[in-house]
Amino acid sequence: MSIAISRRIAASVIASGAMVATVAAGAATAAPGEGRKAADKGGFTLTVLHANDTESALLPITRTYGSGEDAVIAEVAGAAMFTELLQQQRDAAVTGPPAAPGTKRGVITIHGGDLYLPSAQLDASRQEGAPFYDALAFNAAGWDVSAIGNHDFDLGPEFFADFLAQVDQSTTFVAANLDFSGEPRLQAFVDDGTIVDATVVQERGERIGVIGLTTPELSSLTSSRNVAVDPDLAGIANAQAELLEKAGVNKIILVSHLQDIDNEIALAAELENIDVVVGAGGGEVMASAGDEILPGDTRNPDYSYPQMVTAADGADVPVVTTSGLYRYVGKLVVQFDRDGNVVSVDDLASRPIPVTSFGPDAVKPDARVLRTVEQPVAEFVESLQETVVATTEVPLDGTRASIRSKETNLGNLVTDALLSEGQRLAAENGVTPPQVAIQNGGGIRNDSVIPAGDLTLFDTYSIVPFPNFVSVAPALPVEAFVAAVEHGSVSAGSFAQVAGFSYTYDPAAPVGSRVQSLTLDDGTPVVAEGEIVYSGTISLASIDFLLRGQDGYTMFAGQPFTVLPSTQQAALTGYLVETLGGVVSAQQYPAVTTPTRIVPLS
């Protein structure tokens with residue numbers, strides 16, 4: 001492992017051999033309310049501005065403040081207002097009266113990863129001649145350091161490399177537990193210092209170390225391909241902290257993208273000589289009582305901002321995150337003594353700051369980001385919204401709670417489209433036409449009930465935003481097929497919506513014995529009374545993401561499959577337009593009040 005120095009710094013602290021006091025184990029942290037009075041002359045006040053999971057949510061949305069006659073409709077989030085707020089907070093952190101006479105102040109900006117997400121807004125960047133709008137927004141924010149998230153690989157390593165190629169060289173990406181040697185284009189960014197294990201940012205004469213980690217579940221969550229992941233998070237973080245200490249860096253931050261803030265909290269308890277943990281990937285609204293939050297958000301009572309955790313060395317470590325999507329700028333103010341020991345967290349100043357055009361934190365959008373990012377993306381999205389591809393006679397249920405736990409009519413529509421596209425393209429691609437199809441509920445993302453009426457091209461992007469390709473496993477062993485159905489019967493993102501067959505299952509039965517009966521649409525029994533009665537193989541259509549064994553579908557791993565030349569979004573659009581003739585009928589896709597494909601027995 002090695003430490004790379006931020007490209008903002010002219011001289012390497014490693015090469016200089018300069019040494020200063022290391023972070024003291026068990027350094028005291030002030031109790032809530034003692035923030036400012038704990039600062040000492042000669043100390044350093046560091047403002048950590050952070051965000052995560054911005055996920056191509058480049059455009060603002062509307063929210064209603066208040067109710068009745070006093071209700072105010074305002075814009076929230078969006079890249080332009082976020083950039084303006086971040087810049088204001090960056091400036092404010094080093095102006096005005098100091099926390100105590102003689103103290104220095106500095107600021108660092110950290111992104112937690114998930115820099116974009118397959119969606120209609122991201123696809124604006126995929127049009128011929130278009131710039132990478134997410135990179136333009138990222139550059140305008142001026143991040144010092146960024147972690148790497150799982151969604152950064154959703155379009156594959158090459159697409160992530162395309163993003164990095166358009167990022168300003170003032171930002172360093174930290175990923176101490178990732179090995180990119182199997183992906184040449186990404187390894188090139190390791191070789192040139194864009195991606196490092198840890199970095200040192202110099203601010204107001206002080207050196208701040210930042211270590212990065214990414215979830216060990218990366219390969220099961222996204223298309224990271226040959227990017228290797230080391231799961232020893234605490235060991236890696238502590239080793240990097242030790243290297244930083246030996247280089248004379250005594251203020252150390254860990255930024256980790258672990259999918260759930262509980263993972264960061266658990267990790268913090270195993271750390272040594274790390275002063276702050278910035279988490280990402282979970283989307284939690286972390287706020288203290290009294291903090292302003294956006295309308296519709298609910299503060300999680302289990303977490304304050306920051307959440308203090310006792311580390312392995314006895315130190316109290318603040319852990320923070322934000323809910324992402326350009327909705328908040330996290331602001332953590334930490335005060336160090338002259339030896340680099342944390343003496344307090346300023347709870348009066350530390351908070352998540354909502355990105356909004358209304359209220360005490362109201363901001364106007366950054367004019368440059370509004371012009372160069374939001375306006376062209378909005379024009380592209382508007383063109384999708386105006387393109388009607390079909391009409392539906394019935395509301396289509398794609399809500400997260402439904403699509404991940406039971407059969408829905410939208411789930412049936414999506415899997416029927418997969419099956420139809422697989423059958424249409426099978427012959428010309430030399431594969432056995434699929435008999436059945438499986439779609440993980442977590443891949444259907446609109447999280448809403450689409451009302452009866454027009455279905456637009458934008459709706460198809462919203463329903464299946466990920467760039468998955470229709471794929472066929474033409475000779476899947478029946479045991480693997482039944483195991484997949486079994487796995488897909490458990491409520492979660494991997495819950496399977498299905499086509500080409502129906503089955504019954506016992507939710508109370510032990511995992512591995514839940515499927516009680518399974519029959520193909522042509523009447524062929526596959527499972528009867530809990531036993532497989534079919535011999536041979538099944539041809540199955542799905543998405544390449546699942547057939548690579550991801551989202552827990554490990555029974556597919558190693559099974560041969562063919563990727564067909566059709567994205568899932570294109571398959572859905574083609575099914576609506578051509579197969580259904582532009583009409584989703586109430587007869588074919590009624591609201592599922594009595595399930596017929598996925599039937600629980602209790």
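Modeller: This is a predicted model. Six strands form an open sheet, ordered β9-β10-β12-β13-β15-β14, with mixed pairing.

Biologist: What makes β9 and β14 edge strands?

Modeller: Each pairs on one side only: β9 covers 198-203 and β14 covers 307-310. From one strand to the next, the twist averages 25°.

Biologist: Why do β9 and β10 count as paired?

Modeller: Pairing needs at least two bridges. Six bridges join β9 to β10 (residues 206-214), so the two strands pair. They run antiparallel. Gln 202 stands opposite Arg 207 in β10.

Biologist: Which strands does helix α8 touch?

Modeller: Helix α8 (residues 233-246) packs on the sheet and touches β9, β10 and β12 (252-257). Its direction makes about 160° with that of β10.

Biologist: Why is Ser 288 called buried?

Modeller: Its relative accessible area is 19%. Buried means under 20%, so Ser 288 qualifies. Ser 288 sits in the loop between β13 (276-280) and β14.

Biologist: Which residues does Ser 288 touch?

Modeller: Arg 299, Ser 304 and Tyr 305, leaving aside residues up to four places away in sequence.

Biologist: What lines the second largest pocket?

Modeller: The lining has 18 residues. Nearest the centre lie Gly 156, Ser 223, Arg 225, Asp 544 and Arg 548. The pocket's volume is about 390 Å³.

Biologist: How does that lining divide by class?

Modeller: Four nonpolar, eight polar and six charged residues.

Conventions
Residues numbered from 1 in each chain as written. Predicted model: local features only at pLDDT ≥ 70, side-chain atom pairs only at ≥ 80, totals over all residues. Heavy atoms only, no water. 1 Å grid on protein atoms, 1.4 Å probe; cavity = no way out; pocket = protein on both sides within 12 Å on 5 of 7 lines; lining within 4 Å. Points joined across faces, edges and corners; volume = space filled by probe spheres on them. Nonpolar A, V, L, I, M, F, W, Y, C, P; charged D, E, K, R; others polar. Helix = DSSP H or I, 4+ residues; strand = E, 2+ residues; numbered from the N terminus. Axes fitted to C-alpha atoms, helices over the stretch in contact; angles between N-to-C directions. Contact = heavy atoms within 4.5 Å. Buried < 20%, exposed > 50% of the residue type's maximum accessible area, 1.4 Å probe, protein only.
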